[in-house]
Amino acid sequence: MPDARYLGPLPAHERFDYLPITRREDHAWPNGARLAVYIGLNLEHFAFGEGMGACIGPAAPHPDVLNHSWREYGNRVGAWRMLELFDGLGLPSGVLLNTALYDHCPELVAACVARGDELIGHGHSNSERQADMDEKNEGALLIRCRARMLEESGEAPSGWLSPWISESRRTPDLLAEAGYSYTLNWCHDDQPVPMRTRSGRTLWSVPYPQELNDIPMIIARQMDAKDFAQMIIDNADEMLEQSRRQPLVMGVALHPYIVGQPYRLRHLRRALHHLAALRDRGEVWFTTPGAICRHVAAPVAS
């Protein structure tokens, strides 16, 4: 006989309740826009000879020179070309920052700060995952990354994206307790969602894309750069139409070692020109995740 719980409720996270997109309260983004758009620029560093990392070719025994050097292209070349593109279009970005970059290439972080980009916590390195840590070490990571960013760049981050989107069961609690206001880890909605934490403090979940994201699309699914660019354009146009009924958030997640390659950057340029044109016509609010969080949290701030 099956267990009596077999057809009962499944284990749940209890962080938020189910609420369909069709039953949300209406509001507008700044300047009356209905669609908020942001770029999530992932600036990452990887340990040489150990740990995790995305691969362009089959993973080899460490030191995996092929894949390590391919990723390092992003910090040395790709990110700089992308910042030039953003500057030309007047686009801000939310920079997902590994704090190891302060040791490895501080000039790149400084360039983002000079642009006025939002710096978002993204671990110390993308060679490790939070799900592999115990509570003490995970909590220390969140606190130390926040302190390092404050010390080096003059402002503590309000948001966090875990390396590899890897969480423990306590990550939202630890984020709230460490002083973060929002997380980008959850991809379950097109609007910001308040999350419950054990301290009673609200942690906002701001939508971060796993579809409009060059790693799963270009690396995992082998999508051509021109198709990825068209995907960004099509997603923006469709969400703009949907946003007539309720305000929505659209993020675009980019990694310089992928879309910073010249032939891919050419197609990304086309997509970003389209988004900039929507902004110039007042059809979208081009912003950062932190600004989105501040906007939705303001009415409920204590």
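This is a predicted model: local features need pLDDT of at least 70, side-chain atom pairs count only at pLDDT 80 or more; totals for chains, interfaces and linings use all residues.
Visitor: How do I read the way two helices pack, for example α7 and α9?

Guide: Look at the angle between the axes and at the distance between them. Helix α7 covers residues 225-242 and helix α9 covers residues 262-280. Their axes are 7 Å apart and the packing angle is about 15°.

Visitor: Are α7 and α9 roughly parallel or roughly antiparallel?

Guide: Angles under 35 degrees count as roughly parallel, and α7 and α9 are therefore roughly parallel to each other. The crossing of α7 past α9 is right-handed.

Visitor: Which residues of α7 and α9 meet?

Guide: On the α7 side they are Ala225, Lys226, Ala229, Gln230, Ile232, Ile233, Ala236, Asp237 and Leu240. On the α9 side they are Arg264, His267, Leu268, Arg270, Ala271, His274, Leu275 and Leu278. Sorted by kind, the residues of this contact of α7 with α9 are 10 nonpolar, three polar and four charged.

Visitor: At what angle do α1 and α3 cross?

Guide: Helix α3 is residues 106-115, and its axis crosses that of α1 at roughly 10°. The two axes come within 11 Å. That makes α1 roughly parallel to α3. From α1 the contact takes Asn75, Ala79, Trp80, Leu83, Phe86 and Asp87, and from α3 it takes Glu107, Leu108, Ala111, Cys112 and Arg115. Seven of the residues in the contact of α1 with α3 are nonpolar, one is polar and three are charged.

Visitor: Which element supplies the largest share of the lining of the largest pocket?

Guide: That is β6, with three residues. Strand β6 (193-195) and helix α10 (289-297) each supply at least two residues of this lining. By kind, the lining of the largest pocket has 14 nonpolar, four polar and eight charged residues.

Visitor: How many cavities of 30 Å³ or more are there?

Guide: In a cavity a probe fits but cannot get out. The count of cavities of 30 Å³ or more comes to three. The largest cavity has a volume of about 40 Å³.

Visitor: Which residues line the largest cavity?

Guide: They are Ala225, Phe228, Ala229, Ile232, Val259, Arg264 and Leu268. Helices α7 and α9 each supply at least two residues of this lining, and α7 gives the most, with four. The lining of the largest cavity divides into six nonpolar residues, no polar ones and one charged.

Visitor: Last, the backbone. Is the peptide bond from His62 to Pro63 cis or trans?

Guide: Read the angle omega. For the bond from His62 to Pro63, omega is near 0°, and the bond is cis. Pro63 lies in a loop, with β1 (35-43) on one side and α1 (65-89) on the other.

Visitor: What is the phi of Glu14?

Guide: Glu14 has a positive phi of about 65°, although it is not a glycine. In the chain, Glu14 belongs to the segment before β1.

Definitions and conventions:
Residues are numbered from 1 along each chain as its sequence is written. Side-chain values use heavy atoms; hydrogens and water are left out. Axes are lines fitted to C-alpha atoms, for helices over the stretch in contact, and angles run from 0 to 180 degrees between N-to-C directions. Angles under 35 degrees count as roughly parallel, over 145 as roughly antiparallel, 65 to 115 as roughly perpendicular and the rest as oblique. A crossing is left-handed if the near helix is turned anticlockwise from the far one by less than a right angle, and right-handed if clockwise. Contact means heavy atoms within 4.5 Å. Ala, Val, Leu, Ile, Met, Phe, Trp, Tyr, Cys and Pro count as nonpolar, Asp, Glu, Lys and Arg as charged, and the others, Gly among them, as polar. On a 1 Å grid over the protein atoms alone, a cavity is a set of points where a 1.4 Å probe fits but cannot get out, and a pocket is an open set with protein on both sides within 12 Å along at least five of seven lines; lining residues have an atom within 4 Å of a point. Grid points are joined across faces, edges and corners, and a volume is the space filled by probe spheres set on the points.
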